[in-house]
Amino acid sequence: MSNIIAAIIAFGVMIMVHELGHFLVAKRVGITVYAFALGFGPRLVGFRRGETQYAINAIPFGGYVRMAGEDLDESGDGGSFRNKTVWQRI
C-alpha cells in the first residue's frame with residue numbers, strides 16, 4: 001500500500017513540474033493564463049489570483065494550464081496564444 005501512495009506522490013510531483021513549465025513559459029511570453037490545475041475531476045481546493053484560477057482537483061493523474069487563444073471561438077487579443085510568434089508558441 002505504501003508503494004502505491006509513493007507512486008501517486010511521484011507522479012504528482014512530475015505532473016506539477018511539467019504543468020508549471022507550461023505556466024511559467026506562457027506567463028513569460030505574455031499569454032493570459034485562465035487556469036492552472038493539478039488533477040482532474042471535482043475541485044478540492046482552489047483560489048483566484050489576478051486573472052488565473054489555481055486549483056487542486058480530486059483525481060491526481062494529470063493537470064492542465066488553460067490559456068487565452070486555445071479555443072477557436074475566442075477573440076484574439078494581445079495575450080492570446082494564437083497571436084504569439086511560432087517560437088513563442090513552441
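Reader: What covers the buried residues of helix 1?

Author: The cover includes strand 1 and strand 2 (52–67), where a contact means heavy atoms within 4.5 Å. The buried residues of helix 1 are I15, E19, F23 and A26. Please keep in mind that this is a predicted model, in which local features need pLDDT of at least 70, side-chain atom pairs count only at pLDDT 80 or more, and totals for chains, interfaces and linings use all residues. Residues are numbered from 1 along each chain as its sequence is written, and side-chain values use heavy atoms, with hydrogens and water left out.

Reader: What makes a stretch a helix or a strand?

Author: Both are DSSP runs, numbered from the N terminus: helices are H or I with at least four residues, strands are E with at least two. The chain has two helices and two strands, in the order α-β-β-α from the N terminus.

Reader: Why does F23 count as buried?

Author: Buried means under 20% relative accessible area, exposed over 50%, and partly exposed in between, with a 1.4 Å probe and protein chains only. F23 has 9% relative accessibility, so F23 counts as buried. F36 is at 11% and therefore counts as buried too.

Reader: Why is the pair of F23 and F36 called tilted?

Author: A search of the whole structure finds five aromatic pairs. Rings of Phe, Tyr and Trp (its six-membered ring) pair if their centres lie within 6.5 Å; planes under 30 degrees apart count as stacked, over 60 as edge-to-face and the rest as tilted. The ring centres of F23 and F36 are 5.3 Å apart and their planes are at 55 degrees, so this pair is tilted. The pair links distant parts of the chain, with F23 in helix 1 and F36 in strand 1, 13 residues apart.

Reader: What makes the pair of F47 and Y54 stacked?

Author: Their planes have 20 degrees between them, and the distance is 5.1 Å centre to centre. Together, F23, F36, F47 and Y54 form one aromatic cluster. Y54 counts as buried because its relative accessibility is 18%.

Reader: Where does T32 lie, and why does T32 count as buried?

Author: T32 sits in the loop between helix 1 (2–28) and strand 1 (33–49). Its relative accessibility is 17%, so T32 counts as buried. Leaving out residues up to four places away in sequence, T32 touches E51, R66, M67, A68 and G79.
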